[in-house]
Amino acid sequence: MRRISYAQAICEAHRQLLETDRRVFLIGQGLWSPWYAGTSLKDLDKEFSRDRVLDTPISENAVTGAAIGASMCGMRPIVFHPRMDFMLLAMDPIINQAANWSYLFRGQVSVPVVIRAAINRGGEQGAQHSQALHAFFMHVPGLKVVMPSTPYDAKGLLVAAVRDENPVIYIDDRWLYDLEGEVPEEMYEVPLGQGVLRRTGQEVTVVAWSYAAYLAEAACNQLAQQGIEVELIDLRSLKPWDEELVANSVRKTGRLVIVDGGWRTCGAAAEIAAEMSEVVFHWLKAPIVRVTLPDLPAPSSRTLEQAYYLTAQKIVQAVERVLYDADRFATTETESAVCESGEIVPDAQRGVGSGLLRGDEQRRLDRSKAA
Amino acid sequence: MQTGLRKSQGCPDEEKTALLIHMYRTMRRIRRFEEVVADLVAAGEAKCPCHLYIGQEAIAVGVCAALKPEDTIWGNHRSHGHYLAKGGDMQAMMAEILGRQTGCAGGRGGSMHLVAKQAGILGTVPIVAGTIPLAVGAALAYKLQGKRQVAVAFLGDGATEEGHFFESVNLAALYRLPLILVIENNLYASHLHLSQRRPLDNLDQIGALFGIPGVRVDGNDVVTVYRTAVEAVDRARTGQGASLLECRTYRWRGHVGHRWDEDVGVKRRDELQEWLQRCPIERLRRSLLLELGISEELLNALDEEVEKEVESALHFARQSPFPAPETVGEYVYS
């Protein structure tokens with residue numbers, strides 16, 4: 001099959017949507033400039049006129065609100081925010097208006113808008129040119145959130161998002177723009193809310209999305225060389241997310257590592273971990289582990305950036321930890337369980353004893369208790 | 001301050017009596033509806049926050065009389081008047097305020113979230129200035145669709161202090177959108193007087209910086225509001241772009257709730273007494289009686305009809321069931 005880049009796949013989805021649906025128009029900042037959008041919107045203004053591809057004043061709030069208003073009046077707008085950080089200036093229209101509208105008005109007026117945001121980070125850009133804020137939007141009822149990691153998904157999710165009746169936050173990552181992959185020439189949809197199994201394995205489930213899924217793939221290759229078979233799930237959609245796919249995998253492997261290119265506290269990984277601890281607790285052989293950004297603003301200097309961002313190596317270490325170090329979880333640096341007095345509580349007192357070797361035994365015990 | 005009244009007294013003959021009667025009746029409907037809502041709030045029967053429009057009726061009625069059903073209006077927290085003036089169903093609004101399943105939003109919205117899709121009301125919200133960008137978007141949609149429809153944003157003087165407003169005005173001017181910004185300047189944003197929020201009293205000029213013409217009118221004179229709106233609508237429909245109307249008026253009741261507006265941290269009893277003398281409904285009534293020779297009997301009969309309509313709406317709402325608890329999760333997505 002033909003191979004094109006992630007950015008080209010996004011561009012092709014836009015082009016085909018503009019060609020086939022008169023209701024579609026693009027609006028936002030940087031739409032006429034490769035500086036802002038890379039090749040992801042290349043020449044669309046020339047092909048479809050600047051009436052349908054509007055490069056706007058620097059007014060995130062009104063531009064996003066206008067797209068939302070237009071979507072209520074029969075249009076299918078795609079708003080583009082070339083940096084997610086600046087999209088914070090549009091939180092009122094996105095959250096107060098778009099997300100609430102269907103519910104508030106009993107489904108009589110829908111908001112079929114796509115709000116596309118690019119995560120654009122690295123290169124010493126610092127705290128306000130780096131943020132991955134997907135968890136904010138995942139938190140809000142009424143929004144859908146997608147984060148493709150491959151060219152195929154980048155195209156198919158955009159098509160599905162535009163055809164959906166609801167506001168969809170479509171988040172792409174500049175670090176993926178040059179990544180190439182197989183992409184069909186025709187239009188197709190990747191269903192919202194459906195994750196995908198990237199590789200199968202028996203020992204540990206790794207869940208990731210967006211650029212983190214790309215890193216996780218690299219980590220899995222490395223682990224495979226050590227003989228560790230990881231089951232890798234790319235969620236693709238964060239809201240709704242494919243709980244069944246993850247739960248079924250964890251029931252098989254008993255171990256879960258979640259890799260999130262966003263912050264730790266109240267992050268997407270935290271939500272997935274919480275949900276899975278409710279649903280598949282008795283199948284777990286080790287605590288669920290999150291690999292996330294630390295709770296810090298993005299730094300600028302390269303040495304600090306290296307310490308801050310995810311790497312394949314950090315994922316490898318996390319997988320090794322759930323496989324081999326489960327017994328020591330309570331006292332490891334990142335997972336310390338600190339009681340209110342500030343003392344670290346030993347495993348035994350916390351009732352955490354079900355490590356790698358004792359996990360199956362413990363699970364049988366739990367099940368017999370339940371029965 | 002009474003220039004508007006003088007204008008309406010000099011109301012030219014070509015103004016159709018039927019339109020004036022319609023506007024009188026609509027203002028009465030809004031007034032009486034809200035007086036009943038005020039009682040319901042006082043009695044604790046209406047629990048959702050109700051921001052009453054009493055005293056400002058001429059603005060919604062004058063503007064909406066210049067619109068077609070397919071034009072959209074975008075309201076705010078104080079939109080009972082907008083809703084009725086544009087053709088929303090009174091029973092459905094009363095039921096919404098009382099939290100009933102038959103409410104226009106099925107009890108999911110309350111007083112601040114009104115909808116009447118067929119009448120061109122796609123939703124009102126209380127985030128100050130929140131619907132201004134949406135109205136810009138509606139106008140943009142009409143332009144892209146090649147439709148000759150108009151979007152109207154109703155906003156209070158306080159909403160002009162939001163960033164939403166300036167970003168929206170710029171977009172509307174830049175794209176020459178069929179948008180009308182109707183500033184209902186009732187001199188107060190919640191409890192703060194205009195002079196405590198703005199160094200200059202010049203809201204009519206606020207669009208001029210962007211090339212949007214603005215005009216200040218007596219917002220308690222429905223005929224003047226109507227005539228000005230007709231001009232703005234004409235500009236919008238003929239592709240000449242956006243207009244701004246500053247309608248000077250006064251809020252009789254509190255920022256929220258049933259009480260007379262003497263209880264929001266300002267002492268303004270004297271000011272209110274002055275404005276009560278400028279009641280927009282009484283002014284039109286006098287004109288109808290004295291200048292057009294409409295009989296008092298006819299107007300009294302209209303008032304009586306309105307009284308019955310409001311009673312009937314209240315009866316309908318009270319008879320309606322509350323939404324079933326198990327439906328709480330419905331409609332998050334369309």
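User: Which strands does helix 7 of chain A lie across, and at what angle does it run to strand 7 of chain A?

Analyst: Helix 7 of chain A lies across strand 2 (24-28), strand 4 (76-81), strand 5 (114-119), strand 6 and strand 7 of chain A. To strand 7 of chain A, helix 7 of chain A runs at about 160°. Such angles run from 0 to 180 degrees between N-to-C directions, with axes fitted to C-alpha atoms, for helices over the stretch in contact. Helices (H or I, at least four residues) and strands (E, at least two) are DSSP runs, numbered from the N terminus. The model is predicted, with pLDDT of at least 70 needed for local features and 80 or more for side-chain atom pairs, while totals for chains, interfaces and linings use all residues. Residues are numbered from 1 along each chain as its sequence is written, and chains are lettered from A and ligands numbered from 1 in the order in which they are written.

User: What makes strand 3 and strand 12 of chain A edge strands?

Analyst: The open sheet of chain A has 7 strands in the order 3-2-4-5-7-6-12, with mixed pairing. Strand 3 (53-55) and strand 12 (237-239) of chain A each have a single partner strand, so one side of each lacks a neighbour in the sheet. Neighbouring strands of this sheet are turned by 20° against each other on average, direction ignored.

User: Why are helix 1 and helix 7 of chain A called roughly parallel?

Analyst: Their axes cross at roughly 30° and come within 7 Å. Angles under 35 degrees count as roughly parallel, over 145 as roughly antiparallel, 65 to 115 as roughly perpendicular and the rest as oblique. Helix 1 (residues 6-20) of chain A and helix 7 of chain A are therefore roughly parallel to each other. Among the residues that make this contact are A:Ala13 and A:Leu17 of helix 1 of chain A, and A:Leu158 and A:Val162 of helix 7 of chain A. By class, the contact has 10 nonpolar, no polar and 2 charged residues. Here Ala, Val, Leu, Ile, Met, Phe, Trp, Tyr, Cys and Pro count as nonpolar, Asp, Glu, Lys and Arg as charged, and the others, Gly among them, as polar.

User: Why are helix 2 and helix 11 of chain B oblique instead?

Analyst: Helix 2 (residues 17-42) and helix 11 (residues 296-319) of chain B pack at an angle of about 45°, with axes 9 Å apart. The two helices of chain B are therefore oblique to each other. The contact includes B:Arg25 and B:Phe33 of helix 2 of chain B and B:Asp303 and B:Val310 of helix 11 of chain B. Its residues divide into 7 nonpolar, no polar and 7 charged.

User: What makes residues of chain A and chain B count as being in contact, and how many are there?

Analyst: Two residues are in contact if their C-beta atoms, placed from the backbone, lie within 7 Å. Chain A has 34 residues in contact with 33 residues of chain B. Helix 4 (60-72) and helix 5 (91-104) of chain A each supply at least two residues of the chain A side. Helix 4 of chain A gives the most, with 10 residues. The chain A side has 18 nonpolar, 13 polar and 3 charged residues.

Technical notes
Two strands pair if DSSP finds at least two bridges between them.
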